[in-house]
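Biologist: I am new to this structure. Could you show me the model and take my questions one at a time?

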Amino acid sequence: MNQSVEPYRDAEATPIGHSAPRVEIRERQAWSVNGWIGVLTVAACGVVAGFVAQSSTKDITIVPIAVAVVILASLVIVQPGQTRVVRFFGSYVGTVRRTGLSWIVPLTDRRNVSIRVRNFETNHLKVNDADGNPVEIAAIVVWQVADTSRALYAVEDYLNFVRVQAESALRHVATTHPYDDPTDDGLSLRGSTDIVAGELADEVAQRVGIAGVEIVEVRISHLAYASESLRPCCADSRPTRSSRPVPVSSTVRSGWSKMALARLSERGIVDLDEERKAAMVSNLMVVLCGDQPASPVVNTGTLYS
């Protein structure tokens, strides 16, 4: 009796990563007051400690001194373009964005997070465009931290996270468009730079949003065919509006070798036997497909010597 076997399916299965716990946190303002109020409070504690020291109960002087030390430890200086993320025994308290001297919650630790606009250039990536041609592409990404709490606690290292995700998005966008469109009817990496940059900015923004980062601008800084896809002596037979060389496949190059032999035979320039034809095809393929320029060799003998 034949029985059909159903593939195993888990009804509760979910896509990878969707069921993993994530740090759900949002930036909020930490408690803080003008730091000069804390300075005046410290000065007042010093005056009180002086009066108490002159009385008979000198042991009480430790109280205003301890209060003054705690207040001094709670004073922070925030420079323009910087923030302080405050934690109280491991719990996120809030973020101080007020510039200058501030008095914050005592017994807390703080981490400095810059909210200034930053930029970097990605590595020169080698990818295949929509037509399968290898191209080199790079982009400049302008970004800044919008949510300091998510930048610190949602990802391990937000600086490296932004760089890696930007290069990943650049690879994806570069593979969805051809390098050039001879008809100018569609999108291309070379002819629609602004549109491609807009698509790239949107995709990078979606990828780095989990880290509390916003993208200001993305621009393509380098775009060219990869060196192995170009030969200075070769050009595709397709009509183009520019005289630049375009990549050609190995099939086309082998066709050139066959056409060269046929032309030599038709015009009677040289009479080649099968062995000499094989040697000539081998030499032509080395010249057309080699990564380095050909080095001419003067042959003073014969093939059969």
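Predicted model: local features only at pLDDT ≥ 70, side-chain atom pairs only at ≥ 80, totals over all residues.

Modeller: Residues are numbered from 1 along each chain as its sequence is written, and side-chain values use heavy atoms, with hydrogens and water left out.

Biologist: In what order do the three strands of the open sheet lie?

Modeller: Helices (H or I, at least four residues) and strands (E, at least two) are DSSP runs, numbered from the N terminus. Two strands pair if DSSP finds at least two bridges between them. Strand β1 (residues 32-34) pairs with β5 (residues 100-104) over three bridges, and strand β2 (residues 75-78) pairs with β5 over four bridges. The pairing is antiparallel and the order is β1-β5-β2.

Biologist: Which strands are the edge strands?

Modeller: The sheet has the order β1-β5-β2. An edge strand here pairs on one side only, and these are β1 and β2.

Biologist: Which residue in β5 is the bridge partner of N34?

Modeller: Strands β1 and β5 pair in the antiparallel sense. V33 has W103 as its bridge partner in β5. For N34, the bridge partner in β5 is S102.

Biologist: At about what angle does helix α1 run to β5?

Modeller: Helix α1 covers residues 35-54 and lies across β1, β2 and β5, where contact means heavy atoms within 4.5 Å. Axes are lines fitted to C-alpha atoms, for helices over the stretch in contact, and angles run from 0 to 180 degrees between N-to-C directions. The angle to β5 is about 65°.

Biologist: Is S32 buried or exposed?

Modeller: S32 is in strand β1. Not counting residues up to four places away in sequence, S32 touches V96, R98, S102, W103 and I104. The relative accessible area of S32 is 15%; buried means under 20%, exposed over 50% and partly exposed in between, with a 1.4 Å probe and protein chains only. Therefore S32 counts as buried.

Biologist: How far from the side chain of S188 does the backbone nitrogen of G191 lie?

Modeller: S188 is in the loop between α4 (158-175) and α5 (193-208), and with a relative accessible area of 2% S188 is buried. Leaving aside neighbours within four places in sequence, the contacts of S188 include P178, Y179 and V196. From a polar atom of the S188 side chain, the backbone nitrogen of G191 lies 3.0 Å.

Notes. Polar contact = N/O pair within 3.5 Å; in protein donor to acceptor, adjacent residues only side chain to side chain.
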